[in-house]
Amino acid sequence: MTDKRTSLARRNVLRLAIGAAVAGSAGRVLAATPKSDALSLNHLDTGKTRTIHVDGYPILLLRRDAGMISALKQQTANLADPDSQHSQQPAYAKNPWRSRDPEFLVMVNHCTFDGCPTAFGGCPSSCGFACPCCGSQYDAAGRVQKFQPAPRNLAIPYYRIDRKQQSVIIERVEKVRTVE
C-alpha cells in the first residue's frame, strides 16, 4: 500500500515538473515570436490603403503619389490645424505630410469626433478621408478641414519603417481622444 502511494506521489511530482517545463518553454517561444503589428509595403499601389488592428485600433497605411504629396503643402487654407499643433502625434510627424516618409501615411483610422473609422476617398470635395458618422472631412495627411464636427486631426501612432523587410512596424498606439 505504501509503495502505491509513494509511486503515485512521485508520478504527480513528475507530472507537475514536466508541465512547468513545457509551460516555461512555450512562454519563451511566444516571447521570441515577433509581433504581427506590421503593415507590408509590398504590392501597395499609390492611392491605395491597407489596414491592421493594433491594441483595438484600426491602423491605416496610405501610399501617396507625387500629386497628393505636393498638395499637402499647398492646400492649407481650409484646414483647422494645418501645422498639427493640437494633434495626437509623435514629434517626427509634425510636418505637412504628418509622417516619417512623405510617400506613406500611417494613422489611427478613428474620427476624433466619435471614433468611427473614416473612408479614404469618401469626400465630395476630393479630400482624403471622410467620417461616415459625423461627416468630418480630412486631407490626405489626416488633417481635419475647418468647420467640421471633429476637433482634431487624425491621430498618428508611434511607428518605424523597416526598408529591409518592406514594412511599417507599429510600436505604440496611444488612446485616441474624441470629443469629451
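Predicted model: local features only at pLDDT ≥ 70, side-chain atom pairs only at ≥ 80, totals over all residues.
Residues are numbered from 1 along each chain as its sequence is written, and side-chain values rest on heavy atoms, with hydrogens and water left out.

The secondary structure comprises two helices and nine strands, where helices (H or I, at least four residues) and strands (E, at least two) are DSSP runs numbered from the N terminus. Read from the N terminus, these elements follow the order α-β-β-β-α-β-β-β-β-β-β. Of the 180 residues of the chain, 41% count as buried; here buried means under 20% relative accessible area, exposed means over 50%, and partly exposed lies in between, as computed with a 1.4 Å probe on protein chains only. With a contact defined as heavy atoms within 4.5 Å, residues 24 or more positions apart account for 55% of the contacts in the chain that have a separation of 6 or more.

For I170, the contacts beyond four places in sequence are D37, L39, I52, V54, I59, V106, P157, Y158 and Y159.

Strand β9 pairs with two strands described here, a pairing requiring that DSSP finds at least two bridges between the strands. Strand β1 (residues 38–40) joins β9 in the antiparallel sense over three bridges, and in this pairing L39 stands opposite V168 of β9. Strand β8 is likewise antiparallel to β9, with five bridges between them, and Y158 has R172 in β9 as its bridge partner. The hairpin of β8 and β9 has four residues between the strands, and in this hairpin Q166 takes a positive phi near 55 degrees. R172 also lies over the face of Y158, at 3.8 Å from the ring centre; a charge is taken to sit over a ring if NZ of Lys or CZ of Arg is within 6 Å of the ring centre and within 35 degrees of the ring normal.

An open sheet of three strands has the order β5-β6-β7 with antiparallel pairing. Because β5 (119–120) and β7 (137–138) stand at the edges with a single partner strand each, one side of each is left without a neighbour in the sheet. Strand β6 (residues 129–130) is paired with β7 over two antiparallel bridges, and the bridge partner of F129 in β7 is Y138. G128 is found in the loop between β5 and β6 and is buried, with a relative accessible area of 5%. The C-alpha atoms of G128 and V144 are 9.8 Å apart in space, while the two residues are 16 residues apart in sequence.

D139 lies in the loop between β7 and β8 (158–162) and counts as buried, at 8% relative accessibility. A polar atom of the D139 side chain lies 2.9 Å from the backbone nitrogen of A141. Not counting residues up to four places away in sequence, D139 touches L72, L79, G128, F129 and Q145.

Rings of Phe, Tyr and Trp (its six-membered ring) were paired if their centres lie within 6.5 Å, with planes under 30 degrees apart counted as stacked, over 60 as edge-to-face and the rest as tilted; by this rule there are two aromatic pairs. Y92 and Y159 form an edge-to-face pair, 5.6 Å centre to centre and with 85 degrees between the planes. This pair links distant parts of the chain, since Y92 is in the loop between α2 (66–74) and β4 and Y159 is in strand β8, 67 residues apart. Y92 counts as partly exposed, at 22% relative accessibility, whereas Y159 counts as buried, at 0%. The pair of F120 and F129 is tilted, with 5.1 Å between centres and 55 degrees between the planes. F120 is partly exposed, at 28% relative accessibility, whereas F129 is buried, with a relative accessible area of 0%. R100, finally, lies over the face of Y92, at 3.6 Å from the ring centre.

How values were computed. Polar contact = N/O pair within 3.5 Å; in protein donor to acceptor, adjacent residues only side chain to side chain.
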